[in-house]
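Student: I would like to learn how to read contacts, helices and sheets. Where do we start?

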Amino acid sequence: MEKQLTINGHIRPWTEGMTVQDALDLMNYTFIMLVVKINGEVVLRADYGSTTIPNGAELLVIHLISGG
Amino acid sequence: MTLSEYFCERDPIAFPLWQKAVVGIAGAGGLGSNVAMLLARAGIGKLIISDFDIVSLSNLGRQAFNLDQVGLPKVEALAQNIRKVNPFIELEIHKLCLDADNIQELFQEVDIMIEAFDTASAKTMLIECFSQHFPDTDLICASGLAGYGKSEEIRIVRAGKLFVVGDQCSQLSPGISPISARIMIVAAMQANLALERIVWKNS
């Protein structure tokens with residue numbers, strides 16, 4: 001299986017042990033309020049550094065902006 | 001006026017499903033008040049609405065309240081306005097600040113949940129909390145609605161049971177509230193999506 005993951009539709013290389021925080025850094029997503037889903041499952045902010053991403057995963061990073 | 005007189009000329013397939021549906025709305029400001037009015041007009045059976053705030057003059061530029069309601073709790077003012085349009089809807093209102101504990105308790109019975117908060121931190125809290133407790137329930141959020149124009153940039157992003165309506169980039173300028181027309185587009189898309197999902201879930 002090819003070592004890659006999809007982040008907001010962009011294909012990026014996947015490495016063993018890659019965490020959510022690594023993926024956010026890779027994409028330069030520095031926005032404070034994000035919601036991250038791996039294959040449809042929400043990852044809590046507190047777990048970004050400890051949650052590893054499986055090979056082939058699909059990450060959706062949603063930017064939450066004030067206003068309502 | 002009878003119920004069948006009021007609800008005449010309705011969609012024979014969708015309307016009965018909407019009548020049975022319970023929709024939760026977190027926040028009764030620019031998004032929530034308008035979403036609630038739209039869902040009430042469509043014939044949703046029950047709304048559970050929570051908000052801690054009171055109506056202020058600055059709200060009238062975009063929220064579904066009237067001048068003579070300034071000073072009232074938003075949830076009470078909204079219930080008054082909804083009942084003037086649809087006297088048959090069941091309303092459950094809560095004047096309180098939502099947190100990780102009461103979200104689970106208040107919205108247990110909802111078929112669809114609408115996030116209608118103003119701050120990004122509250123939006124994040126609701127998404128994390130609701131997704132944990134109710135992973136199988138649709139959650140329709142909003143992000144990126146400041147300013148005017150650029151209607152075509154407002155879209156829906158989906159991830160599992162989470163839907164996000166907005167352009168995901170327009171930031172509010174300091175001291176400037178969202179503007180009625182663009183926030184109404186987002187509110188209408190949230191309401192329209194809720195109506196669609198209720199039918200989809202039952203078909």
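**One residue and its surroundings**

Tutor: Start with contacts, meaning heavy atoms within 4.5 Å. Leaving out residues up to four places away in sequence, B:Ser170 touches A:Ile65, B:Gly144, B:Leu145, B:Ala146, B:Lys150 and B:Arg182. This is a predicted model, in which local features need pLDDT of at least 70 and side-chain atom pairs count only at pLDDT 80 or more, while totals for chains, interfaces and linings use all residues. Residues are numbered from 1 along each chain as its sequence is written, chains are lettered from A and ligands numbered from 1 in the order in which they are written, and side-chain values use heavy atoms, with hydrogens and water left out.

Student: Where is B:Ser170 found, and why does B:Ser170 count as buried?

Tutor: Helices (H or I, at least four residues) and strands (E, at least two) are DSSP runs, numbered from the N terminus. B:Ser170 is found in the loop between strand S7 (162-166) and helix H7 (180-201) of chain B. Buried means under 20% relative accessible area, exposed over 50%, and partly exposed in between (1.4 Å probe, protein chains only). B:Ser170 counts as buried because its relative accessibility is 6%.

Student: With which side chains does the side chain of B:Ser170 make a polar contact?

Tutor: A polar contact is a pair of N or O atoms within 3.5 Å; within protein, one must be able to donate a hydrogen and the other to accept it, and residues adjacent in sequence count only if both atoms are side-chain atoms. The side chain of B:Ser170 is joined to that of B:Asp167 by a polar contact of 2.4 Å, and to that of B:Arg182 by one of 3.4 Å.

Student: What is B:Ser143 in contact with?

Tutor: B:Ser143 sits in the loop between strand S5 (138-142) and strand S6 (155-159) of chain B. Its relative accessibility is 0%, so B:Ser143 counts as buried. Neighbours within four places in sequence aside, B:Ser143 is in contact with A:His63, A:Leu64 and A:Ile65 of chain A, and with B:Val164, B:Val165, B:Gly166, B:Asp167 and B:Gln168 of chain B.

**Between the chains**

Student: How many residues of chain B are in contact with chain A?

Tutor: 31 residues of chain B are in contact with 18 residues of chain A. Buried area is the accessible area (1.4 Å probe) that two parts lose on being put together, summed over both. Between chain B and chain A this comes to about 1900 Å², with carbon and sulfur atoms giving 64%. B:Thr124, B:Glu128 and B:Gln168 supply 26% of the area that chain B buries against chain A, more than any other three residues.

**Sheets**

Student: What is the strand order of the sheet in chain B?

Tutor: Two strands pair if DSSP finds at least two bridges between them. Chain B has an open sheet of 7 strands in the order S3-S2-S1-S4-S5-S7-S6, with mixed pairing. S3 and S6 of chain B are at the edges; each has a single partner strand, so one side of each lacks a neighbour in the sheet. S2(B) and S3(B) pair in the parallel sense over 5 bridges, and B:Ile48 has B:Glu92 in S3(B) as its bridge partner.

Student: Which strands does H3(B) touch?

Tutor: For directions, axes are lines fitted to C-alpha atoms, for helices over the stretch in contact, and angles run from 0 to 180 degrees between N-to-C directions. H3(B) packs on the sheet and touches strand S1 (22-26), S2 and strand S4 (112-115) of chain B, its direction making about 165° with that of S1(B). Helix H6 (residues 120-133) of chain B also packs on the sheet, touching S1, S4, S5 and S7 of chain B, at about 170° to the direction of S5(B).

Student: And in chain A, which are the edge strands?

Tutor: In chain A, 5 strands form an open sheet in the order S2-S1-S5-S3-S4, with mixed pairing. The edge strands are strand S2 (10-13) and strand S4 (41-43) of chain A, each pairing on one side only.

**Helices**

Student: How many residues of H6(B) are buried?

Tutor: Of the 14 residues of H6(B), 10 are buried, so the helix is largely enclosed by the rest of the structure. Among them are B:Leu126, B:Ile127 and B:Phe130. As for length, the expected span of a helix is 1.5 Å times one less than its number of residues. H6(B) reaches 20 Å from its first C-alpha to its last, close to the 20 Å expected.

Student: What do the buried residues of H4(B) pack against?

Tutor: They pack against helix H1 (3-6), helix H3 (32-42), strand S2 (46-50) and strand S3 (90-94) of chain B. The buried residues of H4(B) include B:Val75, B:Leu78 and B:Ile82.
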